[in-house]
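Thanks for coming. Please have a look at the structure on the screen before I start.

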Amino acid sequence: MNGRLLLLLLTLCLAGLGQAQNLDKGKEINSTCAGCHGEFGQGGARGEYPRIGGQRAAYLADQLKSFRARKRVNIPMYPYTQEGELPDEDIKDVAAYLESIELPTKWPVFKETDDALTRLTLTERVMIIPRAPGNLGNGEAIYQKQCVTCHARTGTGRGKFPMLVGQYTGYLKRQMDLYVKGERPHDELEVGGVLNALKEEDMQDILAYLTSIQEQQ
Ligand code: HEC
Ligand code: HEC
């Protein structure tokens, strides 16, 4: 078999794999989520509604299942995650669709030819979390030592561990407080204590550090 044919076959196989999840269906489902989380999953009300666009699909799916099972309390979302409303297949589709959304962290450079609507659409997607105050050096030191194994060096997460960078500071802080109070399990097996061992200032410093690395993504 020649190299070109092999490449073609390989491409076809990969394309087949990519189609396992139905992104159009995911987009359709997302229209019910958009009322709170925004059309591009960019979240809103300064993090009362978290960003879900560009988040890792495996994590999104886990959380949706956990809301549905009422393991993670989320009263506003309860009606949307009922079995009849959100079966497993839909969870996979909407999670894959949300993961595929790219939210840039830089303002776009417009072309002369871009009309007003194009410009508006391009700016709507820009997601820049305001810098949070705090000691960046201390935040970086703790983050790089205690959080990277799961949330990755640049805060993008890995596997089913969530992306933290590019998420609203207020939302992240609220989650950290819930973990510390034991109202949301962080990582039952190992981490239980990681967040509990942090001082309030350390948490603020980590949050500040996370907002400082988003531009480099
Ligand atoms: C009525 C408003 C509302 C609607 C509609 C809604 N959500 Fe949410 N969602 C919320 C709120 C509020 C939270 C944050 C809960 C918290 O602070 O713990 C949330 C949290 C989440 C989270 C957790 C994010 C994270 O980082 O852990 C995911 C995932 C999510 N929503 C997905 C969806 C999807 C998918 C849909 C549509 C099927 C949807 N939501 C519809 C209000 C809503
Ligand atoms: C051993 C792996 C592991 C380590 C280390 C870890 N985390 Fe996590 N983290 C998780 C998991 C798993 C979740 C999702 C938990 C769930 O399902 O609710 C999570 C969720 C979070 C969330 C909520 C994200 C969201 O979108 O709701 C925050 C905030 C967070 N971690 C902060 C931290 C910080 C800060 C550190 C370091 C001090 C840290 N984590 C270390 C595994 C880890």
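I will go through the nonpolar core and then the cavity.

This is a predicted model, in which local features need pLDDT of at least 70, side-chain atom pairs count only at pLDDT 80 or more, and totals for chains, interfaces and linings use all residues. Residues are numbered from 1 along each chain as its sequence is written, and side-chain values use heavy atoms, with hydrogens and water left out.

First, the core. By nonpolar core I mean a set of buried Ala, Val, Leu, Ile, Met, Phe, Trp, Tyr and Cys residues joined through side-chain atoms within 4.5 Å, where buried is under 20% relative accessible area with a 1.4 Å probe, protein chains only. The largest one has 39 residues, and Leu-64, Tyr-143, Ile-206 and Leu-210 touch the most other members. H9 gives the largest share of this core, 6 residues. Domain 1 (21–128) and domain 2 (136–216) both contribute, so the core lies between them; the bounds come from an automatic or database domain assignment.

What does Ile-206 contact, leaving aside its neighbours within four places in sequence? Gly-139, Ile-142, Tyr-143, Met-176 and Leu-198, with contact meaning heavy atoms within 4.5 Å.

Now the cavity. On a 1 Å grid over the protein atoms alone, a cavity is a set of points where a 1.4 Å probe fits but cannot get out, and lining residues have an atom within 4 Å of a point. The lining of the largest cavity includes Ile-129, Leu-172 and Leu-210. H9 supplies the largest share of that lining, 3 residues.

How values were computed: Chains lettered and ligands numbered in written order. 1 Å grid on protein atoms, 1.4 Å probe; cavity = no way out; pocket = protein on both sides within 12 Å on 5 of 7 lines; lining within 4 Å. Helix = DSSP H or I, 4+ residues; strand = E, 2+ residues; numbered from the N terminus. Buried < 20%, exposed > 50% of the residue type's maximum accessible area, 1.4 Å probe, protein only.
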